[in-house]
Amino acid sequence: MSARVEQNSLQVNARVEVWLWAAQRITAAIMALFVVAHLITMIYAVHHGLTAAQILGRTRGSAGWATFYAVFVALVAVHAPIGLRNVLAEHLDWRGVSLNTVMILFGILIAILGWRAVWAVCA
Amino acid sequence: MAGGVGGMRMKLNAVRARNHPGYWAFVVHRVSGVLLALFLPFHFWALGQALQGAAKLDGFLRWTDQPLVKFAEIGLVVLLAAHLAGGTRLLMLEFMAWREWHKTLAAIAAGVAIAFGLAFALNVV
């Protein structure tokens, strides 16, 4: 690899790391509000006894809850893989294309399973 | 002998660096983040049971009535609240330059996690 190609590659990597750092913070700041709402909803839900009728009665046909949870899933599908990538890189010294690929697949898995769950309880 | 003393000093410094609220806040944030990330696919799979009807979801919910599962649920709520509070602490330290507040923020984060865990535990049991 020539010195110029190597330098360009390093610049691209540094730019990607900055974007990932920013995405982690932005999703965290927005998700803080979602998590507070989720915790309060959970405490309210278990207080009244957790049943399918109670959960689905609140969520089925509700555009508000569907939007809330769909956005929540999108945010966590970005936030969780970036965090996990940092932990794996720092503690297991796993870096590079293989780690990035596994983390992208993990994010896609969370998004698909999450939106499927939103569809299951809201549609 | 000098090397031995130096080594002991290094060990003592490492212990001092770790026996600090900031270090424990870091550990809790990391561990809670990893456990929550691993839990997410199972959480979504469980909710997806509703695709096969309310009875299927109810069957799963009755399984969660077991004391051990309830205990694990309380643990998950504490982990989520701890990750929320620890993450908010980090954002404040990074963007608001409240560095002299770091011990107070760590204490508040622990308090928030325990408060949410207790509120959930008192309602779920």
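Here is a short chat about how the two chains in this predicted model are described.

Me: What should I know before we start?
Reply: This is a predicted model, where local features need pLDDT of at least 70, side-chain atom pairs count only at pLDDT 80 or more, and totals for chains, interfaces and linings use all residues. Residues are numbered from 1 along each chain as its sequence is written, while chains are lettered from A and ligands numbered from 1 in the order in which they are written.

Me: What makes up the secondary structure of chain A?
Reply: Chain A has four helices and zero strands, in the order α-α-α-α along the sequence.

Me: Why is chain B called more spread out than a compact globule?
Reply: Set the two values side by side: its radius of gyration is 20 Å, well over the 14 Å that the globule rule gives for 125 residues, so chain B is more spread out than a compact globule. The radius is taken over C-alpha atoms, and the rule is 2.2 Å times the number of residues to the power 0.38. The C-alpha trace of chain B spans about 70 × 35 × 25 Å along its principal axes.

Me: How does chain A do on that test, with its 123 residues?
Reply: A compact globule of that length would come out near 14 Å, but chain A has 19 Å. Its C-alpha trace spans about 65 × 25 × 25 Å along the principal axes.

Me: What makes Leu105(A) exposed?
Reply: Leu105(A) has 11 other C-beta atoms within 10 Å, and the cut-off for exposed is 12 or fewer, so Leu105(A) counts as exposed. Leu105(A) is found in helix α4 of chain A.

Me: Which residues of α4(A) are buried, then?
Reply: They are Met103(A), Ile110(A), Leu113(A), Gly114(A), Ala117(A), Val118(A), Ala120(A), Val121(A) and Cys122(A). These pack against α2 and α3 of chain A together with α2 of chain B.

Me: How do you know what span to expect for α4(A)?
Reply: Take 1.5 Å times one less than the number of residues. For the 26 residues of α4(A) the expected value is 38 Å, and the helix reaches 37 Å from its first C-alpha to its last, which is close. In chain B, α5(B) has 23 residues and reaches 33 Å, close to the 33 Å expected.

Me: Why are α2(A) and α3(B) called oblique to each other?
Reply: Helix α2 (residues 52-59) of chain A and helix α3 (residues 54-63) of chain B pack at about 125°, with their axes 9 Å apart. Axes are lines fitted to C-alpha atoms, for helices over the stretch in contact, and angles run from 0 to 180 degrees between N-to-C directions. Under 35 degrees counts as roughly parallel, over 145 as roughly antiparallel, 65 to 115 as roughly perpendicular, and the rest as oblique. The angle of about 125° falls in the rest, so the pair is oblique.

Me: Which residues meet there?
Reply: Ala52(A), Ala53(A) and Leu56(A) meet Ala54(B), Leu57(B), Asp58(B) and Leu61(B). Being in contact takes C-beta atoms, placed from the backbone, within 7 Å.

Me: How many residues does each chain give to the whole contact?
Reply: Chain B gives 28 residues and chain A gives 28 residues. On the side of chain B, α2(B) gives the most, with nine residues.

Terms used:
Helix = DSSP H or I, 4+ residues; strand = E, 2+ residues; numbered from the N terminus. Contact = placed C-beta atoms within 7 Å. Buried ≥ 20, exposed ≤ 12 C-beta atoms within 10 Å, placed from the backbone.
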